[in-house]
Amino acid sequence: MVESRYLFTMDIIHLLPDSVANQIAAGEVIQRPASCLKELVENSLDAKAKRIQVIVRDAGRTLLQVIDDGIGMSEMDARLAFERHATSKISEAQDLFSLRTMGFRGEALASICAVAQVEMTTRRAQDETGTLIEIHGSNIVRQEVCSCPVGTNIKVSNLFFNVPVRRKFLKTDQTELRNLLTEFYHIVLVYPKVTFTFVHNDEILLELPAGTEKQRIEAVFGNTKSNVYTSAFVEVATETDLVTIRGFVIKPENATRKVEQFFFVNGRYMRHPYFQKAVLTAYSGMLPNDYQPSFFIYFDIAPESIDVNIHPTKTEIKFADEQTIFQILMAAVREALGKFTLAPTIDFDTSGSLDIPLPQDKPIIRPDIQTDPTYNPFHKRGVIYPDKVVKNWESLYQNLPDTQNNPVISNNLSIPGVLEGTDTESCPLWQYGGKYILVPSENGLVFVNQHRAHVTILFAQFMEQLAHTQGAIQQLLFPEILSLSQDDMILLAQLTDDLRAIGFDIEQLSPDSWSIQGVPAQIVDQSSIPVLQHILAQVRERGANTRREWQEQIALALAESAAIPYGKNLTDAEMRDLISRLKTLSGYQHTPEGKTIISLLSDDEISKRFH
Ligand code: ADP
Ligand code: MG
């Protein structure tokens, strides 16, 4: 009785105190020391710093300090900077479209000071004295006038001191330090004119003087004084109305198993599996099996044609015209490689002569390709693949499609709209080998990988559901019990909200078990335990640092579990449904991981077989 009276007399909605709201926001923005470092260094860059020092202790757990010589802050701003949505960078929503700074949401400092002990000194050039401010878990504990150099010096101690779950979720120091360095590379590689140092536990790990992009790459991955690292690369440069692409790609003969692959767009690092595929395609046939090329590629593009208003921790960027950029990028890389190597393009002309791009910038002896129709560049060891790189060079040859005897299905990553011209409602469809759906099209016969197509369709569907929290739940008759290791318990706790959003009805039962009462409707005919285990394994293995990346991994793992397997016979209606749903997706030629879904056996290739 007492309780119900209480309910009727009290209003129950109240605003969260700022400190709590900030802690919640911090969960989004500051997941680990690396995200904190990124925010601090980006602030220094936004403040036009020319020299930035990073000092770290215990992989950022105990100390993360960033010292810059930027514009500094006034006394008032120093205090305001830690308020939520306090920013000097935009004042109206419209400003979002003309963003030139790295930060803009005014959330980072508020988030950081909610989960750490922060001490900052800062001074502007026009002020005689600076400001010292100390904040512990959002509470200002000290603010005073101080003397300090122009710029800002911000010290973040004991990150997550008040959020034990976060602390537990951090990996070993080694892993966290690697995360810090990776984040640092992403930034320093686009700001070669700024001097950086990175000190960890009193040891200078990186000293990067101001210079060109190439010098910066050398300083990070090679040695400041030599050019050993960068001389293994060739330059890529192309300029079109749509996009400017420049950078460096490794010469095929210098490829090793250790790869550095970096894309940047308008001064920001990005991940882009589809464009990565474009680079790999440009190298096809030039690298030994399971080798990958290293590259540093910088895109400049009108801000309107990319998705700018993105989450600050998101590294995947959507472009308006990805297929065209794919083509431009692939051509640019091919051209760069063609200029500097003798690698053949993969097409062999039927007359037996080779289509070899002429070396232009380097005096390379050109083989006599006109008079020797049996010439095979791979027999010339040391020219293309020095022995030190490739031991069993013959195996390279197996990678090359031999179009003379055996027309292969061309890897038509790039045929735009390969299915658009086809009326998939009425055209005949066949299933082949329990694996492919064959679709006759204007240009030839299209092979669609049934499992990958379905994974991609489901992935899009799950991402949509995650965005709107509307997964269709199918309640189980008998709850299943999932027992987990400590690691997985922590991980599952992190993912709970998203798993619920996507359609899992799960509840923690005991310190090491969960009960599963409902599952996403799409997987109702499977046992839920292996599906959840697959999701956990994938998130752990593929790694995800941001909420968005978790969601992608969950959606992908679930899509993999739910998609029609190879070997399943499909009815005509099922095939038609699959193809028409696939066609509605924008990047339908590849899975979210960049695997090929569609391949075209062209009319030409077919008629060649009947010569
Ligand atoms: P945002 O970068 O999105 O504006 P932050 O919370 O990261 O939000 O920073 C809030 C504000 O504090 C910035 O807009 C800027 O005015 C100021 N600020 C933060 N770091 C620095 C710095 N290193 N130098 C000068 N001003 C800074
Ligand atoms: Mg910022």
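Biologist: How many residues lie between β9 and β10 in their hairpin, and what makes these strands a pair?

Modeller: The hairpin of β9 and β10 has 3 residues between its strands. This is a predicted model, in which local features need pLDDT of at least 70, side-chain atom pairs count only at pLDDT 80 or more, and totals for chains, interfaces and linings use all residues. Residues are numbered from 1 along each chain as its sequence is written, chains are lettered from A and ligands numbered from 1 in the order in which they are written, and side-chain values use heavy atoms, with hydrogens and water left out. Strands are DSSP runs of E with at least two residues, and helices runs of H or I with at least four, numbered from the N terminus. Pairing requires at least two DSSP bridges between two strands; strand β9 (residues 233–239) and β10 are joined by 7 bridges and run antiparallel, so they count as a pair. Val236 stands opposite Gly247 in β10.

Biologist: With which residue of β13 does Phe248 stand opposite, and why is β10 called mostly covered?

Modeller: Phe248 stands opposite Phe296 in β13. β10 and strand β13 (residues 295–301) pair in the antiparallel sense over 7 bridges. As for cover, 6 of the 8 residues of β10 (residues 243–250) are buried, a term that means under 20% relative accessible area, with exposed over 50% and partly exposed in between (1.4 Å probe, protein chains only).

Biologist: What makes β14 and β20 edge strands?

Modeller: In an open sheet, 4 strands stand in the order β14-β15-β16-β20, with antiparallel pairing. β14 (430–432) and β20 (598–602) each have a single partner strand, so one side of each is left without a neighbour in the sheet. Neighbouring strands are turned by 30 degrees against each other on average, direction ignored. Helix α12 (residues 450–468) packs on this sheet and touches β14, β15 and β16 (444–449), its direction making about 65 degrees with that of β16. Contact means heavy atoms within 4.5 Å; axes are lines fitted to C-alpha atoms, for helices over the stretch in contact, with angles from 0 to 180 degrees between N-to-C directions. Helix α16 (residues 572–583) lies across β14, β15, β16 and β20, at about 75 degrees to β15.

Biologist: Why is the ring pair of Tyr436 and Phe447 called edge-to-face?

Modeller: Rings of Phe, Tyr and Trp (its six-membered ring) pair if their centres lie within 6.5 Å; planes under 30 degrees apart are stacked, over 60 edge-to-face, and the rest tilted. The centres of Tyr436 and Phe447 are 6.0 Å apart and their planes stand at 70 degrees, so this pair is edge-to-face. The pair links Tyr436 in strand β15 with Phe447 in strand β16, 11 residues apart.

Biologist: How do you know whether Tyr436 and Phe447 are buried or partly exposed?

Modeller: Tyr436, at a relative accessible area of 25%, is partly exposed, whereas Phe447, at 13%, is buried.

Biologist: What makes Lys435 a charge over a ring?

Modeller: The rule asks for NZ of Lys or CZ of Arg within 6 Å of the ring centre and within 35 degrees of the ring normal. The charged end of Lys435 sits over the ring of Tyr566, 5.1 Å from its centre.

Biologist: Why is α3 described as largely enclosed?

Modeller: Of the 14 residues of α3, 13 are buried, so the helix is largely enclosed by the rest of the structure. Just after α3, Lys48 takes a positive phi of about 65 degrees.
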